[in-house]
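Colleague: I am new to this structure and would like to go through it with you. Could we begin once it is on the screen?

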Amino acid sequence: MTKLTGENRIVQFLLDRYGIKSPAIRKGIGDDAAVIQPRNADEYMLLTTDMLLEGIDFRQEWTTPRQLGFKSIAVNISDLAAMGARPRFFTVSLAIPSGITERWIREFYSGLTEPNSAKGALLIGGDLSYSKNGIMISITALGESTNRRVLYRSGGRPGDLLYVTGILGKSAAGLNLRETGCIRPRSRSQKEAIRAHHLPEARCEAGKWLAQSGLVHCMMDLSDGISMDLPRMCAASGVSAEIRLDKIPIFPESRMWNCDPLELALHGGEDYELLFAVPKTKRQLLEMNYPSGFTKITPRGEMIRGEGTVWVVESGKRRRRLSELGYDHFRS
Ligand SMILES: [Mg+2]
């Protein structure tokens, strides 16, 4: 059995109790989004939800209301991107404490509905409430498949190459700046890191392209760090994986403010990049056809036979198990 951490264990309990019970459900609990097949519809609908709590997921001192709105929808849209879906609609439930101004509300909703945050999804409803303990935001987003081509976390096979889009650990480097009291970023790389932390952009275009390409076996988005998320994809696919440390796409500039870029890339989380597996025989086809305007991709590792373990390979050293140090809400 794969070792399950707190959050994973609760999801497993829910999966056991509320596993698929209707033919209309293509995918229920346990993936980036649920996939349902409405009657007489040509396409699947995809449904995902995410919650952001003040003090847990964000601090008001570190973020503007516009940035908060932007990130709140982007993290939901990222789950749709992870399955190759087109974002269509979303609802927002918001609980606010006293002291929140009308201007705050206006800016928050502006951030929620920007082209780069909502990626075309339209706000169609929600709920408002009062909170005694900080701001609470809950968003549900609805997406639509194209040609019913959807990518799941399952489907990876031994021998598949593992790719990620973009750079990992940049958002965590931005969070580190905030945590160490950096109010005004100075250098270009500091600004870049802070931006990655507050204004993450879902990889919708890449996700759609990859799903339509027919070259990809499985995909997910990286929200909790590769050390947490890759074991999830491996477990869903019934395989293990090996990643090469020298191939992990790090943000080296964070060394300048005393971060370890590799640690942040492995365990930092909130990168919202895509992680996907492609059979070795399709490597050339993928790399030749992948649009040059999208974030660059290079193989970072490989799926191997096993039961959900992720191994780290470093040249000249024995391979070792990657510990799951990424983000888990239920680890103290
Ligand atoms: Mg996800």
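**The cavity and its surroundings**

Modeller: E7 (161–165), together with helix H8 (226–237) and strand E11 (297–304), each supply at least two residues of the lining of the largest cavity. Helices (H or I, at least four residues) and strands (E, at least two) are DSSP runs, numbered from the N terminus. This is a predicted model, where local features need pLDDT of at least 70 and side-chain atom pairs count only at pLDDT 80 or more, while totals for chains, interfaces and linings use all residues. Residues are numbered from 1 along each chain as its sequence is written, and side-chain values use heavy atoms, with hydrogens and water left out.

Colleague: Which element gives the most to that lining?

Modeller: E7 does, with 3 residues. Among the lining residues are Leu162, Tyr163 and Val164, as well as Arg300 and Gly301. By class there are 7 nonpolar, 1 polar and 1 charged residues (Ala, Val, Leu, Ile, Met, Phe, Trp, Tyr, Cys and Pro count as nonpolar, Asp, Glu, Lys and Arg as charged, and the others, Gly among them, as polar) in this lining.

Colleague: Now the metal: what coordinates the magnesium ion?

Modeller: Asp32, Asp79 and Asp221 coordinate the magnesium ion through OD atoms at 2.0 to 2.1 Å. Donors are N, O and S atoms within 2.8 Å of the metal (3.2 Å for Na, K and Ca), and water is not among the atoms, so sites may look incomplete. Aspartate 32, in the loop between strand E1 (25–27) and strand E2 (34–36), and aspartate 221, in strand E8 (residues 218–222), are 189 residues apart and link distant parts of the chain.

Colleague: Are those two aspartates buried or exposed?

Modeller: Both aspartate 32 and aspartate 221 are buried. Buried means under 20% relative accessible area, exposed over 50%, and partly exposed in between (1.4 Å probe, protein chains only).

Colleague: And how many disulfides are there?

Modeller: The search of the whole structure finds 0 disulfides, a disulfide being a pair of cysteine sulfur atoms within 2.5 Å. Cysteine 218 is in no disulfide either, and its nearest cysteine sulfur, in cysteine 234, is 8.1 Å away. Cysteine 218 is buried, with a relative accessible area of 0%.

Colleague: Last one: where does arginine 148 lie?

Modeller: Arginine 148 is in the loop between strand E6 (136–144) and strand E7. This arginine is partly exposed, at a relative accessible area of 32%.

Conventions:
1 Å grid on protein atoms, 1.4 Å probe; cavity = no way out; pocket = protein on both sides within 12 Å on 5 of 7 lines; lining within 4 Å.
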